[in-house]
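Hi,

Here is the structure I said I would pass on.

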Amino acid sequence: MDKHFPEDISALPVRLYKLINGENIIAYTHTVDDESNGTLIHVEEPMKVISEPENNFILTPWLPFSRGNLHTIEDFNVLLTTDLQDDIKAHYMKIVLDEIQHDQDILVEQTKIMKGNATTH
């Protein structure tokens with residue numbers, strides 16, 4: 001997958017997907033492949049949108065127990081898709097990047113524990 005990020009946040013391919021089951025997800029969209037049986041949409045770090053009163057919302061992992069962060073959605077499961085406002089894209093990217101940093105910090109801490117917190121002098 002292409003990891004080249006655009007200079008401007010408005011050019012980020014972060015989109016909102018309204019699924020036929022009623023869920024709304026926001027995801028970084030990599031590619032859309034046309035297959036003989038339909039179209040496949042490849043997304044990374046999909047986040048479920050939970051709406052709250054007074055136009056507030058929460059983003060939570062769409063597939064919280066998934067081993068990977070890349071997923072494929074078949075287009076017949078998507079009711080509609082749209083580009084997002086830049087402030088929503090920025091909020092999504094902050095959540096995703098903060099989570100990646102948190103995961104890296106946990107990995108470093110677990111490695112230290114496995115090594116017995118040994119230091120060299």
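Is Lys48 buried, exposed or partly exposed? Lys48 has a relative accessibility of 29%, so it counts as partly exposed; the band for that label runs between 20% and 50%. Before you read on, keep in mind that this is a predicted model.

In one of them Lys48 pairs with Glu23, and the closest N and O atoms are 3.6 Å apart. That pair ties together distant parts of the chain: Lys48 sits in strand β3 (residues 38-52), while Glu23 is in the loop between β1 (14-19) and β2 (24-35), 25 residues apart.

Another salt bridge joins the side chains of Lys89 and Asp83, at 3.0 Å from N to O. Its two ends are worth a look. Lys89 comes out at 0% relative accessibility and therefore counts as buried, whereas Asp83 is partly exposed with a relative accessible area of 40%.

Now the strands around β3. β2 and β3 run antiparallel and are joined by 9 bridges, and in this pairing Asp33 stands opposite Leu40 in β3. Leu40 also has a bridge partner in β5, namely Glu74. β3 and β5 (residues 70-74) pair in the antiparallel sense over 5 bridges. Then there is β4 (residues 56-61), which runs antiparallel to β3 and is joined to it by 6 bridges; Ser51 has Phe57 as its bridge partner there. The hairpin of β3 and β4 has 3 residues between the strands, and Glu54 in that hairpin takes a positive phi near 60 degrees.

Over to β6 (residues 78-83), which holds Leu79 and Thr82. Leu79 has 58% relative accessibility, so it counts as exposed. Together with Ile20 and Leu80, Leu79 forms a nonpolar patch on the surface, with about 310 Å² of accessible area in total. Thr82 has a relative accessible area of 33%, so it is partly exposed. Leaving aside residues up to four places away in sequence, Thr82 touches Arg15 and Leu16. Thr82 and Arg15 are 67 residues apart along the chain, yet their C-alpha atoms are separated by 5.8 Å.

That's what I have for now.

Cheers

Conventions:
Residues are numbered from 1 along each chain as its sequence is written. This is a predicted model: local features need pLDDT of at least 70, side-chain atom pairs count only at pLDDT 80 or more; totals for chains, interfaces and linings use all residues. Side-chain values use heavy atoms; hydrogens and water are left out. Patches are made of residues with over 30% relative accessible area and no salt bridge: like charges are joined within 9 Å, nonpolar side chains (Val, Leu, Ile, Met, Phe, Trp, Tyr) within 5 Å. Accessible areas come from the Shrake-Rupley method with a 1.4 Å probe; for residues, only the protein chains shown count as cover. A salt bridge is a side-chain nitrogen of Lys or Arg within 4 Å of a carboxyl oxygen of Asp or Glu. Helices (H or I, at least four residues) and strands (E, at least two) are DSSP runs, numbered from the N terminus. Buried means under 20% relative accessible area, exposed over 50%, partly exposed in between (1.4 Å probe, protein chains only). Contact means heavy atoms within 4.5 Å. Two strands pair if DSSP finds at least two bridges between them.
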